[in-house]
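Me: I'm new to reading protein structures. Could you walk me through one, feature by feature?

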Amino acid sequence: MESFFDTKHLYRSYFKMALPVVLGLAVTLVYNLADTFFIAQTNDTNLIAGVSLCAPVFTTLMAFGNIYGQGGSSLISRMLGQNNLDGTARISAFSFYIAIATGAVLAVVMTLFRSPLLTLLGASAETLDYAQSYFTLCAPLIVLSFIHSNLVRCEGLANESMIGTILGAVVNIILDPILISGLGMGALGAAVATVIGYLCSVMYFLLVLRKKSHCLSVKLSQFHVRADELRQILGVGITAALSNLMQSLTVIVINQFLLAYGNDKIAAMGIVLKVNMIAQLILTGFAFGGVPMYGYLYGAKQQDTLKKLLRFCLL
């Protein structure tokens, strides 16, 4: 870790961490646009609107993943600065299994209350069936995919984090035309392609942990944290998740207002919002890219270096 976070060349180390995150998030945008693009080839406005309506669902699942992914990575970075490897193993194992449990609970809730939730999202009689098909997704996998994409960067594995994200996007893009049009599965095909893409990312990150990680763990025996550690995880994670949740709420409100003007307006707005994510994800990448360094420098009590890095990032 010390050789990677080269404080003598602080800004170079920062960009070495941040640029893979920016690229990974840019690919995440392609990930999101792929479904819309291939579904648009069907020229079915109701189908496009039905899929667009589910965007807040993914953002909400991302928020829950970020609670443990970003909250856990922040604490792990500080522990690495203190050379507390036992703590990093426990926190990473906790983040992994609590994400699975949270995703399972969300999947049950989403299944039991599917129709009222979709109606709240703005589904009409014409789009409800399409939205229900796309709504059939694997919440535990999606929540889990955001855990190790954040945690592995704490150990300096920014390139591996990027590769895991890109892998899922590539699989999704390959499967989309096959399942949506080739097999005629429509919205369900898009959902299946997305879930398989996330599954590939999760499997890749587990392989990275086994082959390259020296301080992260998924051992069930290490699935325990102290109360003060849990407060630190949630303190950072919930704050990070709020931005995702507020984004979901905004889209829900917009869709409710647009519902009276027709499904074509909802479909168009769904596409515009995804394009708008380009600038948002780039800025988010540069912000999150430095998080492992912030935590490491804070834990190592290198306050002057930390302040210097924060000033540079703000500029």
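Predicted model: local features only at pLDDT ≥ 70, side-chain atom pairs only at ≥ 80, totals over all residues.

Me: What is the phi of Asn83 near?

Reply: Start with the general idea: most residues other than glycine have a negative phi. Here, Asn83 has a phi near 60°, a positive value in a residue other than glycine. Lys301 also has a positive phi, near 60°, and is found in the loop between helix H12 (291-299) and helix H13 (303-314).

Me: Are Asn83 and Lys301 buried or exposed?

Reply: Asn83 is exposed, with a relative accessible area of 60%. Lys301 is exposed as well, at 69%. As for the chain, buried residues make up 52% of its 315 residues.

Me: How do the axes of helix H3 and helix H4 cross?

Reply: Two packed helices are described by the angle between their axes and the distance between the axes. In this model, the axes of H3 (residues 55-81) and H4 (residues 85-112) come within 9 Å and cross at roughly 170°. Angles over 145 degrees count as roughly antiparallel, so H3 is roughly antiparallel to H4.

Me: Which residues make that contact?

Reply: On H3 they include Leu61, Phe64 and Tyr68; on H4, Ile91, Ser95 and Ile98 are among them. The residues of this contact divide into 14 nonpolar, 6 polar and no charged.

Me: And how many helices and strands does the chain have?

Reply: The chain has 13 helices and 0 strands.

Technical notes:
Residues numbered from 1 in each chain as written. Heavy atoms only, no water. Axes fitted to C-alpha atoms, helices over the stretch in contact; angles between N-to-C directions. Helix = DSSP H or I, 4+ residues; strand = E, 2+ residues; numbered from the N terminus. Parallel < 35°, antiparallel > 145°, perpendicular 65-115°, else oblique. Contact = heavy atoms within 4.5 Å. Nonpolar A, V, L, I, M, F, W, Y, C, P; charged D, E, K, R; others polar. Buried < 20%, exposed > 50% of the residue type's maximum accessible area, 1.4 Å probe, protein only.
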